[in-house]
Amino acid sequence: MSNLEANTFFDINKLPPEKGLLLFGLSMNKLLNRQDAEHCMEDIRHLGTDKISRPNVGLNFIYSDFLYLYSDRPAPELKHSFMNQVIHHRNSMQKLIEKSHMEFQIQHAFNYMVWNQLYVGTKDFNNLFNKLKKIYASDEKFQDYLKEDCAAFGREIGDNQVNFFLEEILMMYLLSKNQVKLPNEYIENNQKWILWCYPGRPLKSEVYIHQLNPFNLDWPENPYQSCQYDLESRQLIDFRRVDLETYSVR
């Protein structure tokens, strides 16, 4: 791995044989297109067909609904919209999984979570979030990378957008370091590894925080503690081998 060129990534051959969790981060603006139930099933089959060596893998779907409250739209309007989207997606997902019960015989390996549940799974998220905001306010590199991320996705860099990205980055960082208690009936919080999966490359600002490791967290048991699996390109993005000066988000 260390001899590979920077920003060169490949697919996973086999997932570890120990108990572990795949985390599918679900964006609210993608639930009707790239992350609808049918596309999610394709992604699950890609990861599960020949990459699982032993039946020790659970999968948690994580809906990012509460993140999207960083918005100027009225809260009741957002709440009603997100509630309907989450329920519809979850029901569609569950129907497909149940329909494929011979393929996915361990039905209780699948779990569905909303963003709020992640807060109560951490020891002190609000304190860590405030610390990360202070780091952002004083770190020009961090600010520059986040500006580049906003530009890459055509978003204005206002307070809501900055807070959206900072919270998302922090939660993904904590998840990969096993700092969030995750409900999964099959794995029962005995995971030895966690892999965050999403259709798209990680943000520059996200990679930067993993490389910086501001809270000195380490979970050496997890080979993916500094990685994200890009479901679009089907590549494992290892943050340790990212050269941010030449890396492209899109």
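**Close-up 1. Who touches whom where α1 meets α2.** On the α1 side, Ala37, Glu38, Cys40, Met41 and Ile44 make the contact, and their partners in α2 are His89, Ser92, Met93, Leu96 and Ile97. Sorted by residue type, the contact of α1 with α2 comes out as 7 nonpolar, 2 polar and 1 charged. Keep in mind that this is a predicted model.

**Close-up 2. The geometry of the α1 and α2 pair.** Here α1 covers residues 37-49 and α2 covers residues 75-99. Their axes sit 9 Å apart, and the packing angle is about 50 degrees. An angle from 35 to 65 degrees falls between roughly parallel and roughly perpendicular, so α1 is oblique to α2. As for handedness, α1 goes past α2 in a right-handed crossing.

**Close-up 3. How α4 and α6 cross.** Now we move to α4, residues 125-138, and α6, residues 159-176. The two axes come within 10 Å of each other and cross at roughly 120 degrees. That angle makes α4 oblique to α6. The crossing of this pair is right-handed.

**Close-up 4. The side-by-side residue list for α4 and α6.** From α4, the contact takes in Phe125, Leu128, Phe129, Leu132, Lys133 and Tyr136. From α6 come Val162, Asn163, Leu166, Glu167, Leu170, Met171 and Leu174. By type, the residues of the contact of α4 with α6 split into 10 nonpolar, 1 polar and 2 charged.

Key
Residues are numbered from 1 along each chain as its sequence is written. This is a predicted model: local features need pLDDT of at least 70, side-chain atom pairs count only at pLDDT 80 or more; totals for chains, interfaces and linings use all residues. Side-chain values use heavy atoms; hydrogens and water are left out. Axes are lines fitted to C-alpha atoms, for helices over the stretch in contact, and angles run from 0 to 180 degrees between N-to-C directions. Helices (H or I, at least four residues) and strands (E, at least two) are DSSP runs, numbered from the N terminus. Angles under 35 degrees count as roughly parallel, over 145 as roughly antiparallel, 65 to 115 as roughly perpendicular and the rest as oblique. A crossing is left-handed if the near helix is turned anticlockwise from the far one by less than a right angle, and right-handed if clockwise. Contact means heavy atoms within 4.5 Å. Ala, Val, Leu, Ile, Met, Phe, Trp, Tyr, Cys and Pro count as nonpolar, Asp, Glu, Lys and Arg as charged, and the others, Gly among them, as polar.
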